[in-house]
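Thanks for coming. I will go through one structure, a piece at a time, and give the cut-offs as the terms come up.

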Amino acid sequence: MSTTPPVGGAAPPGPPGAAASLLSAETLQVVFPGRRGAATARAVDGVDLDIRPGEIVALVGESGCGKTTLARSLLGLVPPTSGRVTFGGEPLDYAGRALKAYRKRVQLVLQDPSGSLNPRHTVYEAVAEGLRIHGYAGDERAAVSEALSRAGLRPPERFFLRYPHELSGGQRQRVVIAGALVLEPELIVADEPVASLDASVRGEILALLLRLRDELGLSALVVTHDLGLAWNIADRVAVMYLGRIVETGPVEQLLTAPRHPYTRALLSVLPEAQGEPVVLAGEPPDPSNVPSGCRFHVRCHILASGEAERAGVAEACRTVDLPVLDGGGGAQVACHWAAARPGEDRGGPARASA
């Protein structure tokens with residue numbers, strides 16, 4: 001994904017605190033019990049995250065970092081072990097009718113449209129399913145038509161009786177999006193929404209999500225491993241590693257002036273990156289055996305190169321767990337090395353092309 005200016009011209013986000021959060025996670029933790037006496041796994045470990053009305057936030061990280069578990073907990077699919085989720089200022093109730101009402105307001109868009117759609121159901125049935133689950137009493141046909149139109153499938157009646165195998169990959173993803181839109185949600189959670197699509201179609205789906213934000217005021221959490229995609233669609237980015245958010249900030253600031261070594265490493269492998277790619281040592285540690293100190297230090301190229309030693313923070317990196325700190329300009333970072341050099345040039349290995 002190219003780090004070119006955002007598709008469709010993403011509107012700049014308001015300043016931090018400019019609007020109350022629509023969805024918030026507060027010190028959220030999800031711990032899975034180990035099997036047969038094995039240690040528990042801290043899949044999500046003390047996460048703070050907020051999404052404001054009309055804002056697109058990209059949640060970025062390697063596979064296994066906990067971002068999908070975090071998204072599922074925010075959706076009400078996985079109850080947290082501790083901490084809480086609030087929506088519109090109200091704590092999320094993970095049981096009963098309250099949860100059903102919440103899932104109408106917060107909808108999921110999955111990565112694989114083929115796996116999301118029942119091959120025996122027509123497009124009409126697929127989009128109408130949510131209305132029937134929630135006991136919609138209005139004009140079902142009109143609601144389905146409007147949702148398909150908003151998702152870019154026009155004229156909608158042309159698609160009513162089609163089956164998933166009769167559609168292109170991009171059209172199937174638009175049907176999945178229409179199935180979310182039909183309930184008029186305030187926020188969608190899109191898990192790798194373009195990962196299974198051809199490059200030529202990805203831009204169209206990203207432009208659609210931006211248009212929905214602009215026209216409907218729709219908020220979105222986009223879960224992805226691709227920082228290039230984040231550049232094209234997000235207002236803010238949250239970078240996750242081993243169950244923790246390690247850096248957050250406005251998209252342009254974070255992606256052109258990253259502070260955390262992990263963010264720098266992810267950016268270094270983009271096609272537009274300057275210099276040699278950063279090769280991280282090994283795989284992320286097992287969440288049932290989180291390292292002491294900074295949980296990234298066992299793979300950190302800054303520590304391995306001696307830069308952390310020269311900054312006087314190497315021992316702290318290995319032994320002291322650092323919370324997310326204010327990085328200025330709406331950015332936050334959890335890194336001893338970054339905290340030790342606040343006044344220095346923070347340019348990262350990748351720069352957005354002009």
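Val237 touches Ala58, Val60, Leu227, Ala230, Glu247, Thr248, Gly249, Val251 and Leu254, leaving out residues up to four places away in sequence. Touching, or contact, means heavy atoms within 4.5 Å. Before going on: this is a predicted model, in which local features need pLDDT of at least 70 and side-chain atom pairs count only at pLDDT 80 or more, while totals for chains, interfaces and linings use all residues. Residues are numbered from 1 along each chain as its sequence is written, and side-chain values use heavy atoms, with hydrogens and water left out.

Val237 and Val127 touch the most other members of the largest nonpolar core, which has 75 residues. Helix α7, residues 199-216, gives the largest share of this core, seven residues. Another core, of 30 residues, lies apart from it, and Val47, Ala71, Leu75 and Leu187 are among its members. A nonpolar core here is a set of buried Ala, Val, Leu, Ile, Met, Phe, Trp, Tyr and Cys residues joined through side-chain atoms within 4.5 Å. Buried means under 20% relative accessible area, exposed means over 50%, and partly exposed is in between, using a 1.4 Å probe and protein chains only. As background, nonpolar side chains tend to be buried together in soluble globular proteins.

Now the strands. Helices (H or I, at least four residues) and strands (E, at least two) are DSSP runs, numbered from the N terminus. Two strands pair if DSSP finds at least two bridges between them.

Take strand β3, residues 56-60. Five of its five residues are buried, so β3 is largely enclosed by the rest of the structure. Which residues lie on each side of β3? Ile56, Ala58 and Val60 are on one side, Val57 and Leu59 on the other, and all are buried. In general, side chains in a regular strand alternate between the two faces of the sheet.

β3 pairs in the parallel sense with strand β8, residues 219-224, over five bridges, and Ile56 stands opposite Ala220 there. β3 also runs parallel to strand β9, residues 236-241, with four bridges joining them. In that pairing Val57 is opposite Arg236.

The hairpin they form has two residues between the strands, and Leu242 takes a positive phi near 50° in it. Two bridges join β10 to strand β12, residues 331-333, in an antiparallel arrangement; Val333 in β12 is the bridge partner of Glu247.

There is also an open sheet of four strands, in the order β2-β1-β4-β5, with antiparallel pairing. β2 (41-51) and β5 (90-91) are at the edges with a single partner strand each, so one side of each has no neighbour in the sheet.

Next, helix α4, residues 123-133. Its buried residues are Val123, Tyr124, Val127, Ala128, Gly130 and Leu131. They cover an arc of only 140° around the axis, which puts them on the same side of α4; the arc is that of the directions from the helix axis to the C-beta atoms. What covers these buried residues includes α5 (140-150) and α6 (169-181).

Last, the rings. The whole structure holds five aromatic pairs. Rings of Phe, Tyr and Trp (its six-membered ring) pair if their centres lie within 6.5 Å; planes under 30 degrees apart count as stacked, over 60 as edge-to-face, and the rest as tilted. The ring centres of Tyr124 and Phe160 are 5.0 Å apart and their planes are at 75°, so this pair is edge-to-face. Tyr124 is in helix α4 and Phe160 in the loop between α5 and α6, 36 residues apart, so the pair links distant parts of the chain. Both Tyr124 and Phe160 are buried. Elsewhere, ring pairs link Tyr241, Tyr262 and Phe296 into a cluster.
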